[in-house]
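Dear colleague,

I am passing on the structure we spoke about, with a short account of what turned up in it. Please read the notes with the structure open beside them.

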Amino acid sequence: MASERPIVLDGGLSNALEDRGHDLSDELWSARLLKDAPDEIAAVHRAYYEAGAMVATTASYQASVAGFERAGVDRVEAERLIGDSVRIAREVRDSLTDGRQRLVAASVGPYGAVLADGSEYRGLYGVSATALRDFHGPRLELLIKAGPDLLAVETIPDVDEAVVLAELLRELDFPAWFSYSITGSHTRAGQPLTDAFAVAAVDQVVAVGINCCAPGDVRAAVETAVAVTGKPAVAYPNSGETWDAGGRRWTGDATNPGTLASGWVEAGASYVGGCCRVGPADIQALAAAVN
């Protein structure tokens with residue numbers, strides 16, 4: 001999956017769906033629309049592809065069998081919906097006839113995302129490695145069975161969870177990028193990025209890096225990831241705005257990632273895009289900046 005030019009990722013799925021009028025405030029978040037409005041997910045994938053993204057990241061970040069079951073969906077249907085996240089993106093990709101090579105990355109969010117309480121930004125959940133393995137293993141198998149090009153193991157907040165996921169990637173022998181959520185030079189759980197990136201540097205991982213962080217933290221993290229692993233880096237931060245949990249709103253000023261992405265590429269990032277609050281117009285600007 002190497003490329004002379006950087007591979008442009010998409011932006012945030014949830015903010016693009018909210019911009020289309022969808023309320024994603026329940027525990028399933030964007031995964032709810034796999035059941036209620038799959039055509040809307042397809043429309044967002046198409047918008048990002050048409051904006052210049054080479055990768056569609058599936059609506060599986062917060063999807064799990066247990067989460068769907070809590071919402072009243074039976075196990076068989078829940079497993080089908082998780083697979084549908086990949087199938088929807090593949091169908092959009094395959095419908096485009098301009099000859100450009102595009103990929104589908106199956107999103108693998110952290111255990112904390114399914115708790116829907118912000119735990120993915122703290123990590124260290126207080127559960128055993130066995131429990132994390134029991135959670136992630138079956139979901140990875142469902143996603144792989146649906147036929148993505150690679151996995152997007154993303155927003156991982158701590159080394160403990162990363163160890164479990166890295167071992168599963170070895171066993172399943174399927175390509176993935178692996179990205180942490182960070183603050184400065186540490187994971188969200190406070191561990192040095194040098195330690196975190198080393199854990200993720202397994203053969204099946206094609207790129208190691210960061211996402212869902214401040215844009216200003218990206219370049220130094222990319223440099224560290226490349227130095228530690230010898231692999232290409234992946235980088236897709238938030239817009240720069242900050243989520244106010246009490247007021248349930250975003251505050252601060254946004255930064256278009258396109259203004260910084262060339263620096264990330266110079267530092268060793270081969271996969272670049274955006275996360276929360278980064279939309280199709282932002283990805284269009286980023287694609288123009290790096291290509």
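By class, how many nonpolar, polar and charged residues does the lining of the second largest pocket have? In this predicted model, that lining has five nonpolar, one polar and five charged residues, and the pocket has a volume of about 160 Å³. The elements that give two or more residues to the lining are α4 (65-70), α5 (75-95) and α7 (129-145), with α7 giving the most, namely five residues. Among the lining residues are E69, R75, E79, D134 and R139, together with F135, P138 and L142.

If neighbours within four places in sequence are left aside, the contacts of Y180 include T155, I156, D158, F197, V199, I210 and N211.

As for the cysteines, a search of the whole structure finds zero disulfides. C213 is in none, the nearest cysteine sulfur being that of C212, 7.7 Å away, and C213 is buried, with a relative accessible area of 2%. C276 also counts as buried, at 12% relative accessibility; its sulfur is 3.9 Å from the closest cysteine sulfur, in C212, which is too far for a bond because a disulfide requires the two sulfur atoms to be within 2.5 Å.

With best wishes

Key:
Residues numbered from 1 in each chain as written. Predicted model: local features only at pLDDT ≥ 70, side-chain atom pairs only at ≥ 80, totals over all residues. Heavy atoms only, no water. Buried < 20%, exposed > 50% of the residue type's maximum accessible area, 1.4 Å probe, protein only. Contact = heavy atoms within 4.5 Å. 1 Å grid on protein atoms, 1.4 Å probe; cavity = no way out; pocket = protein on both sides within 12 Å on 5 of 7 lines; lining within 4 Å. Points joined across faces, edges and corners; volume = space filled by probe spheres on them. Helix = DSSP H or I, 4+ residues; strand = E, 2+ residues; numbered from the N terminus. Nonpolar A, V, L, I, M, F, W, Y, C, P; charged D, E, K, R; others polar.
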